[in-house]
Amino acid sequence: MILLLALLSVLWGERSLCLEEYGGFTFDGDIRQFAVTSNRLYIATEERLYQLSHDLTLINSLTQRGILKTGNQQDDVQFYRVSDTAEWNDTFSINVLLPFTKNDSLISCGVTDDDCGHCEVLDLKNISKLLYREHIQVGPLKSSNRSVSFLVDVKKKTENDTYILTAIQKKGTFEKRCPSDSETINLHNTDNKQGGGLFSLTDGASGTPKIKNKGDVEFVDGFQIKSTIYLFSNVLSAQTNRQQTRGLLGHPGEQPVLWSGVFSVDGGDTDTELMVFDISPDYSRAGDRDPDFYTSVPSEVTVTVLKPKAVLFRHSYMTSVLAVRQRGWMVFFIGTGDGQLIKQDLPNTSTTPQINSRPFIYSTDHHMLSVDRKYHAACPTVLYRTSDDRKVIPKLHLDPVDRKHVYVPFRNQMKRVPVSKCSTYTNVQECWSAQDAYCGWCGSKSSCTFEDDCTDSDWLSIPDESQHKMISHKVEKDTNGQILLKLHTHLTVGQEVSSNFTCQFAARSSSICAPNNPPPQFPQCTCILSDRTLPADGLHVTVKFRLGSTQLSEQLRLTNCSDISGPPSSVLCQQCIKAGCRWNINRCSWADQTEINDSVCQNVQSGKNFSIPEISSITPSVVSFYGRNHAVLSGRNLDDVTAVRIQADTDCAPKESPVWDNTGFSLMFHIPTSDIKGVVRVCLLLPDGRCHGKAKITYSSLPSCTNITPSSSWISGKRKITLMGSHLNFVEGVVHSHAMQDVRLPRNISSQYLTYDSPAARSFSSSTLFVKLANETLACSTKLSYVPDPEFTSFTVIRTGEDVRITIQKKADNLEMMIEELSVWGVQDDTKYQCIMEAKETWTNTDFFTCGFKSPSNHEFKELLIKYGDRTVSLGLESQLHKALQILRFMLIPCVIAVLVIIYFWQKRLTVEMNKL
């Protein structure tokens with residue numbers, strides 16, 4: 001996807017230029033639009049309009065049902081909302097929802113069932129109060145997330161006027177049933193005092209402010225910064241005949257402005273990237289000249305390609321992004337199409353006063369991403385994750401009241417998710433290691449908190465640049481042979497705390513620093529060792545720090561850097577770096593003024609030759625975020641592999657899983673759990689620390705159980721049960737609440753169903769189902785009822801020519817047994833002959849199962865063997881007396897009926913005669 005500069009919107013008085021665990025609310029219908037003010041939320045669904053407080057408490061709701069009334073003139077049509085119980089013949093579907101806080105009003109525009117535009121102005125504090133209505137088109141007539149609308153301020157002579165900017169998706173042509181002057185990009189009045197009146201396109205002074213386009217276009221973002229209007233669109237360029245992303249930019253003299261968006265790499269929504277752009281406009285270009293947008297006449301010009309400053313994050317199914325500045329970091333909240341909210345922190349650049357973010361593609365976890373000034377991202381954090389794949393609507397908002405929650409919209413639900421989980425970190429190291437720009441250690445409370453929750457300045461947080469360790473050290477040797485131990489604390493603290501920074505070095509309870517040791521100066525302290533040599537087995541040093549009321553300590557083992565020797569390898573290099581030494585030209589030496597970085601160890605070649613392993617396949621390669629036990633990896637040259645390394649696309653520490661049953665061509669390992677759904681990279685670790693081979697594992701949602709059939713089992717167990725749901729192919733076993741140690745392995749399995757054999761039970765009751773995934777057990781919402789085993793009462797043999805049929809009688813029960821669940825054999829002279837099941841009938845509380853033999857049989861069967869589940873029962877042939885009684889019972893039925901009929905008519909006749917008397 002390419003970002004290109006396009007057409008600058010027309011601004012009067014300005015120069016023209018082309019340019020799911022947390023609280024939530026479930027709605028009655030799918031969300032169409034939602035907007036946020038300083039303390040309210042407004043959500044439009046298919047049939048209702050909601051007004052909620054910032055904590056998602058319902059304040060008011062209105063039905064969108066009503067009736068259309070025609071006035072004296074043919075085009076005088078108005079929509080009138082009715083009560084929930086009244087008759088209605090029309091629905092007002094909202095496509096534009098704009099809180100006009102300066103005017104204390106809520107503007108809602110959309111379409112009624114006659115395919116004509118309609119707008120309402122409601123009281124912002126009480127949406128049940130209607131201020132104005134008009135049958136007019138403002139914005140798109142069809143519901144589309146490819147159109148944008150927002151309020152813009154335009155500077156006039158003495159004051160600013162506010163207008164509604166609508167950028168409408170254009171795709172193909174369709175016939176308008178109602179007249180409209182709307183073009184692709186429009187400005188509408190918000191006040192009757194403006195020229196032309198409320199919602200009019202004409203301001204009376206500058207004509208009709210509209211921008212047209214050629215071909216198809218869809219808009220993905222729009223906003224205003226000061227007097228600059230920014231619009232972003234995907235267009236099918238006539239010049240290149242391919243989809244491009246365009247921006248409409250303006251206003252010179254501003255500092256650089258960053259814009260972030262989600263881009264599709266493969267043209268779909270599977271492979272997506274979060275990119276950041278510098279969208280500062282180029283004012284060297286002439287205004288109103290663009291190959292796709294124009295105000296009067298199209299022009300033929302070459303557009304400028306805008307390349308991204310950085311690719312911040314790669315992840316599957318990203319759908320939306322919200323960027324927030326938090327101290328020295330940029331924090332990105334990322335919604336995904338498989339139910340996640342991810343947070344990513346990124347240290348800020350010093351020249352970016354503004355950052356805006358929106359999605360370019362529209363596809364549910366939610367993630368947070370933090371990024372530093374060099375665009376180095378911290379490890380992403382999952383703030384919210386659904387167990388299924390509920391899709392996140394591509395629009396995220398920060399709660400403006402406390403700025404500590406993010407509004408996350410799903411199809412028919414709104415979640416209010418905390419921006420951080422500071423309280424879950426129990427000590428200083430955990431709080432710092434989270435690399436969360438919102439969290440810091442509050443010394444006065446001895447807990448990890450938000451900054452404004454710490455009552456004094458005694459608050460320690462992460463620095464403005466991403467670091468892997470809170471305290472780093474290096475060991476130098478000067479020209480006089482003195483050894484210097486230098487420690488650096490990677491923290492951000494207040495002025496009062498930094499002025500009270502102290503360090504204390506000790507080895508075996510005694511000081512090790514020379515008298516001329518320099519005093520500590522935050523964030524660094526230095527110890528000049530009094531001894532110019534180090535013990536052969538190393539010197540164990542304890543360093544204690546004090547920052548305000550917080551005390552830290554670090555345990556070190558100092559080693560002569562020159563003694564770390566041996567054949568060059570990645571392992572030796574990492575040992576050197578960990579000791580605070582410097583790796584240079586394949587050997588370890590004393591550190592110097594340059595920065596120590598373990599990335600130098602990645603390209604160290606080992607002196608020993610190991611065969612380079614290759615990966616052919618991993619089974620399974622798609623798992624739930626609980627991972628999978630006993631995965632099988634196949635390939636070549638696997639003999640020297642010590643572990644399987646699994647790493648996401650960020651720089652976070654990889655996970656390593658040991659291997660076993662290594663044959664050189666295949667091996668087994670456990671796929672570990674993951675906090676984030678998505679694709680991770682796999683390589684094979686060798687003894688020298690190098691990792692080779694390329695493969696991918698995809699983490700997906702957890703299984704869900706929706707139904708079970710049959711819903712009951714005979715108490716002896718081993719009935720074939722079919723479990724239905726989603727992602728069931730991740731299930732490794734099924735257990736029941738009455739027999740948690742009895743893991744039933746799936747017999748047949750797919751994504752939507754699996755079959756297994758029920759365990760036996762000791763009592764007639766309901767049992768809850770659980771599915772096992774790796775080392776976790778997940779409860780299902782379905783239950784299995786246990787009932788008595790089936791009771792077979794008798795059988796009869798029927799001969800028709802050479803065909804022999806057997807009918808088996810069973811008492812009716814709640815098992816709903818099918819013929820596929822029975823196996824029957826006829827027994828004669830200790831020899832079994834299989835009887836093929838054919839049919840089942842039920843009559844008068846008795847089930848009749850019929851089976852037949854494959855070939856003509858002259859056998860006289862006196863006994864049957866009937867098998868169901870894991871149990872086999874024997875059934876003998878009916879005696880002649882029993883047959884006679886059965887026949888008599890059937891013969892008596894019509895006789896009894898006849899007697900009852902005779903008695904009825906006799907009693908009726910007797911009643912008539914008594915009435916005559």
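Here is a short chat about reading the disulfides in this predicted model.

Q: What should I know about the model before I start?
A: It's predicted, so local features need pLDDT of at least 70 and side-chain atom pairs count only at pLDDT 80 or more, while totals for chains, interfaces and linings use all residues. Residues are numbered from 1 along each chain as its sequence is written, and side-chain values use heavy atoms, with hydrogens and water left out.

Q: What is a disulfide, and how many does the structure hold?
A: A disulfide is a covalent bond between the sulfur atoms of two cysteines. Here, a pair of cysteine sulfur atoms within 2.5 Å counts as one. The structure holds 13 of them.

Q: Which cysteine does C513 join?
A: C513 pairs with C527, S to S 2.1 Å. C513 sits in the loop between β40 (502–506) and β41 (524–528), and C527 lies in strand β41, 14 residues apart. Strands (E, at least two residues) and helices (H or I, at least four) are DSSP runs, numbered from the N terminus.

Q: Are C513 and C527 buried or exposed?
A: Buried means under 20% relative accessible area, exposed over 50%, and partly exposed in between (1.4 Å probe, protein chains only). C513 has 18%, so it's buried, and C527, with 0%, is buried too.

Q: Why is the disulfide of C835 and C851 right-handed?
A: Because the torsion about its S-S bond is about 100°. C835 is in strand β66 (residues 831–843) and C851 in strand β67 (residues 846–852). By contrast, the link of C561 and C581 is left-handed, with -80° about the S-S bond.
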